[in-house]
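Visitor: I would like to learn how to read a model of this kind. Please take it one feature at a time.

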Amino acid sequence: MKTKIFRLLVLSGLASTALVASMPAMAHCGYRHVYYGYARPHVYYPGPRVVYSPVVVYRPAPVYYAPAPVYYAQPYPAWGAIGGAIAGAAIGSTLGRGDGRIASIAAGSVIGAAVGSQLGR
């Protein structure tokens, strides 16, 4: 019986020694502070709420260099030049005499076509 009590005392002594040795580790708020609760009261101060908004980046539109637009005039029928050439040939044939008649018809046609093309516009 003596050995059972001795073993029980040794076992309880070891347990109490382990408990006493671990007391600083169990102190939540430091060692030898006088707090009667489990730990020092923690105060929570809510900080400002941080909201991340998406950043919008405006980039300039790409610039495409194209050739300048070309505007074409309306195609007009060459009736003014044709009519002027006919009228110039008729006038040149009436004014020309002899061997110069062919030259006067050609000159009248050219002058009449130039004048007629200007009038057709």
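Visitor: Which residues does Ser117 touch, not counting residues up to four places away in sequence?

Guide: This is a predicted model. With residues up to four places away left out, Ser117 touches Gly80 and Ala81. Ser117 itself is found in helix 4, residues 101-120.

Visitor: What does the side chain of Ser117 reach?

Guide: The backbone oxygen of Ala114, at 3.0 Å.

Visitor: How many helices and strands does the protein chain have?

Guide: There are 4 helices and 0 strands. Read from the N terminus, the order of elements is α-α-α-α.

Visitor: Is Ser104 buried or exposed?

Guide: The cut-off for buried is under 20% relative accessible area. Ser104 has 19%, so Ser104 is buried. Ser104 lies in helix 4, and its contacts, leaving aside neighbours within four places in sequence, are with Gly92, Ser93 and Gly96.

Visitor: What share of the protein chain counts as buried?

Guide: Of its 121 residues, 9%. The accessible surface of the chain comes to about 11700 Å², and carbon and sulfur atoms hold 68% of that surface.

Visitor: Which residues make a nonpolar surface patch?

Guide: Phe6, Val10 and Leu14 make one of about 320 Å². Take Val10, which is placed in helix 1, residues 2-21.

Visitor: What share of the contacts with a separation of 6 or more comes from residues 24 or more positions apart?

Guide: In this protein chain, 45% of those contacts.

Definitions and conventions: Residues numbered from 1 in each chain as written. Predicted model: local features only at pLDDT ≥ 70, side-chain atom pairs only at ≥ 80, totals over all residues. Heavy atoms only, no water. Helix = DSSP H or I, 4+ residues; strand = E, 2+ residues; numbered from the N terminus. Polar contact = N/O pair within 3.5 Å; in protein donor to acceptor, adjacent residues only side chain to side chain. Contact = heavy atoms within 4.5 Å. Buried < 20%, exposed > 50% of the residue type's maximum accessible area, 1.4 Å probe, protein only. Areas by Shrake-Rupley, 256 points an atom, 1.4 Å probe, with all protein chains shown as cover. Patch = residues over 30% accessible without salt bridge, like charges linked within 9 Å, V, L, I, M, F, W, Y side chains within 5 Å. Salt bridge = Lys/Arg side-chain N within 4 Å of Asp/Glu carboxyl O.
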